[in-house]
Amino acid sequence: MKHLIIIAALMVSALMPAQTNYEKGMQKAFQLWGNNQPTEAANLFERIAKAEPDNWLPLYYAAQINIVKSFGEKDEEKLSAQLKKAQNLINDATAISKDNAEILVLQALLHTAWVAYDGATYGMTLSGKVVELYTKAAQIAPKNPRVVFSKAEWDMGGARYFGQDTTPFCKDIERSIQLFANFKPETPFHPNWGKSRAEQVLKSCKE
């Protein structure tokens, strides 16, 4: 039986189309990121982006890594360098794919990283921009789970900052989880993150 399974697996792999360099590169970059090598992953995504000038996805992920690394960063010089790099990557991705809800969410998260670093300095100038980005993203893709969840988490953060009740936004977190359950990315490399984070936030809602 074991041999039959192996033979069947080999037959399936033989029937599958040969992987392109793009697919191999993207898988390798995700593997590096998963192995806690974000810098190496971001560099590889950037190299893929140069080889795929009409594809916004590698730019998106290179930007996302720089943004994620910025949360909790205490060194303003390092933070500024990372977010400036991320902004340039987002600009390039937007030039390829305009009015893209996924990219709008990423732009909102970049602004959020600045607000998280210093709310007193950046909150007044960037909060309105974040709200505008989520509003636009919701108009483009109202059933995108990352749009619904990210906006709800932003709203909860604002309520917490001003000492207000965060409970009203828990229903939006619940709705995002329902959307995550039914969401199917366009390709294996399209954004599909956020579900586990949404479940964590919902758990805190019920505590």
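## Aromatic pairs

Welcome to this predicted model. Let us start with one of them, F30 and F45. Their ring centres are 5.3 Å apart and their planes meet at 75°, so this pair is edge-to-face, given that planes over 60 degrees apart are classed that way.

Where do F30 and F45 lie? F30 belongs to helix 2 (residues 21-34), while F45 belongs to helix 3 (residues 38-51), so the pair ties together parts that are 15 residues apart in sequence.

## Buried or exposed?

The two partners can also be described by their accessibility. F30 has 27% relative accessibility and therefore counts as partly exposed. F45, at 0% relative accessibility, counts as buried.

## Two tyrosines

Another pair to look at is Y60 with Y61. The centres of these rings are 5.0 Å apart and the planes stand at 90°, so the Y60 and Y61 pair is edge-to-face. Y60 is buried, and Y61 is buried too.

## A cluster of rings

Which residues do ring pairs link into a cluster? They are Y22, F30, W33, F45, W56, Y60, Y61 and F189. Both pairs described above can be found here: F30 and F45 are among the members, and so are Y60 and Y61.

## An arginine over two rings

Finally, have a look at R146. This arginine lies over the face of F183, at 4.7 Å from the ring centre. R146 also lies over the face of W193, where the distance from the ring centre is 5.9 Å.

How values were computed:
Residues numbered from 1 in each chain as written. Predicted model: local features only at pLDDT ≥ 70, side-chain atom pairs only at ≥ 80, totals over all residues. Heavy atoms only, no water. Phe/Tyr/Trp six-rings, centres within 6.5 Å; stacked < 30°, edge-to-face > 60°. Helix = DSSP H or I, 4+ residues; strand = E, 2+ residues; numbered from the N terminus. Buried < 20%, exposed > 50% of the residue type's maximum accessible area, 1.4 Å probe, protein only. Lys NZ or Arg CZ within 6 Å of the ring centre and 35° of its normal.
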